[in-house]
Amino acid sequence: MSDFVDYDKSAALGKRSPVEEVPVGFMVLATCPLILWLLDGTVAGFASALLIILLFAVGLVFLSVGQKQHLAYSMAEVAPRPKIPFKLIGNCLIALVIGLLASTKIAVPMISMVIGFSTFILCLVSFGLDPMRDKGMDTPEARLRIVSQALYDDFDTRFEALLADLEQVADDELYARTRIASDTVMGLLSTIDFGTPTLKRIAPSVSKLLAKMEAEFAALLNSPDGQITALQRRKFDNKIQIMVDSFEARARRSGIADGRDNFELQTNLLFDRKHRNLKV
């Protein structure tokens, strides 16, 4: 078996990149002549042909999606294995189609099954399996990076949700000042090395800060008469600034963003967000 499969070069084990794309359209056209076997002039034959074409097309689409996932997996330094084995499902559907086509011309079921199984093996040889193991997650640092990135993304999402809700107050200056406060916190967090436990350690403090900001905003909206006065806006702004300044002071004392001013932090954060949006 080791002579047949080179484990050091296996795409399924993350050792080698798969081909970039499955030519779905070309393969469907190449198979169409076989569908003529089913067209015997009856409605049942026509319906069977449509079903076979549909199954084959779905199988090829699954293969194409699986290949793209595999390519992204091979290009990433750290990546989990795919949750859905699209390539395996695609291989099975194509083998099923070929087996069904063979059964229309071959009376012995066992021969049709052998043909279908042989097709499955050939598909595995041609396209390979989906990645079967997580990549780059076998070290404590890699696992920490995944946890830290998830925490960072969660905090960023909560800040953006708070700012989106703040837009309904229709106060551009208050929104801009709160945006600066949000960017200050996220800018500080972005300087942390995600391979260290720092972000995980300070995550409760960040979560507590966010919870207080969300509570202050809820109190701002729930004014007794439904109107938000200028005094309430100033109080909200002052409380947000005090909380963020206090968090920033504690973070800098602990060595986070050492030697960097707020302008540099917010500029770096802006470029980081722009880069992530382009990737999405």
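Colleague: What do the side chains of Arg252 and Glu248 meet in?

Modeller: A salt bridge, with 3.0 Å from N to O. The term means a side-chain nitrogen of Lys or Arg within 4 Å of a carboxyl oxygen of Asp or Glu.

Colleague: And what sort of model is this?

Modeller: A predicted one: local features need pLDDT of at least 70, side-chain atom pairs count only at pLDDT 80 or more, and totals for chains, interfaces and linings use all residues. Residues are numbered from 1 along each chain as its sequence is written, and side-chain values use heavy atoms, leaving out hydrogens and water.

Colleague: OK. Where do Arg252 and Glu248 lie?

Modeller: Both are in helix 8, residues 230–253. They sit four residues apart, about one turn of the helix. Helices (H or I, at least four residues) and strands (E, at least two) are DSSP runs, numbered from the N terminus.

Colleague: Why does a gap of four matter in a helix?

Modeller: An α-helix has 3.6 residues a turn, so residues three or four places apart point the same way.

Colleague: Is Glu248 buried or exposed?

Modeller: Glu248 is buried, at 12% relative accessibility. Arg252 is partly exposed, at 27%. The cut-offs: buried is under 20% relative accessible area, exposed is over 50%, and partly exposed is in between (1.4 Å probe, protein chains only).

Colleague: How many salt bridges does the structure hold?

Modeller: Seven. One of them joins Arg145 and Asp193, at 3.3 Å from N to O.

Colleague: Which parts does that pair tie together?

Modeller: Arg145 is in helix 5, and Asp193 is in the loop between helix 6 and helix 7. So the pair links parts that are 48 residues apart in sequence. Arg145 is partly exposed, with a relative accessible area of 35%. Asp193 is partly exposed too, with 38%.

Colleague: What about Arg179 and Asp183?

Modeller: Their side chains also form a salt bridge, at 3.6 Å, N to O. Both residues lie in helix 6, four residues apart. Asp183 counts as buried, at 12% relative accessibility.

Colleague: Switching topic. How many helices and strands are there?

Modeller: Nine helices and zero strands. Along the sequence the pattern reads α-α-α-α-α-α-α-α-α. The chain has 280 residues, and 36% of them count as buried.

Colleague: Which way does helix 5 run against helix 6, parallel or antiparallel?

Modeller: They pack at an angle of about 180°, with axes 10 Å apart. That makes helix 5 roughly antiparallel to helix 6. Axes are lines fitted to C-alpha atoms, for helices over the stretch in contact, and angles run from 0 to 180 degrees between N-to-C directions. Under 35 degrees is roughly parallel, over 145 roughly antiparallel, 65 to 115 roughly perpendicular, and the rest oblique.

Colleague: Which residues meet there?

Modeller: From helix 5, they include Tyr152, Phe155 and Phe159. From helix 6, they include Leu174, Val185 and Met186. Contact means heavy atoms within 4.5 Å.

Colleague: How do the residues of that contact divide by class?

Modeller: Into 10 nonpolar, three polar and three charged. Ala, Val, Leu, Ile, Met, Phe, Trp, Tyr, Cys and Pro count as nonpolar, Asp, Glu, Lys and Arg as charged, and the others, Gly among them, as polar.

Colleague: And helix 6 with helix 7, how do they cross?

Modeller: Helix 6 (residues 172–190) and helix 7 (residues 198–221) cross at roughly 170°, and their axes come within 11 Å. They are therefore roughly antiparallel. Leu174, Val185 and Leu189 in helix 6 meet Leu199, Ile202, Val206, Leu209 and Leu220 in helix 7. By class, that contact has eight nonpolar, no polar and no charged residues.

Colleague: How far does helix 5 reach?

Modeller: Helix 5 covers residues 140–166, and its 27 residues reach 39 Å from first C-alpha to last. That is close to the expected 39 Å. The expected span is 1.5 Å times one less than the number of residues. Helix 6 has 19 residues and reaches 26 Å, close to the 27 Å expected.

Colleague: Last one. What does Ile115 touch?

Modeller: Ile98, Ala102 and Ile106, not counting residues up to four places away in sequence. Ile115 is in helix 4, residues 109–127. Ile115 counts as partly exposed, at 29% relative accessibility.
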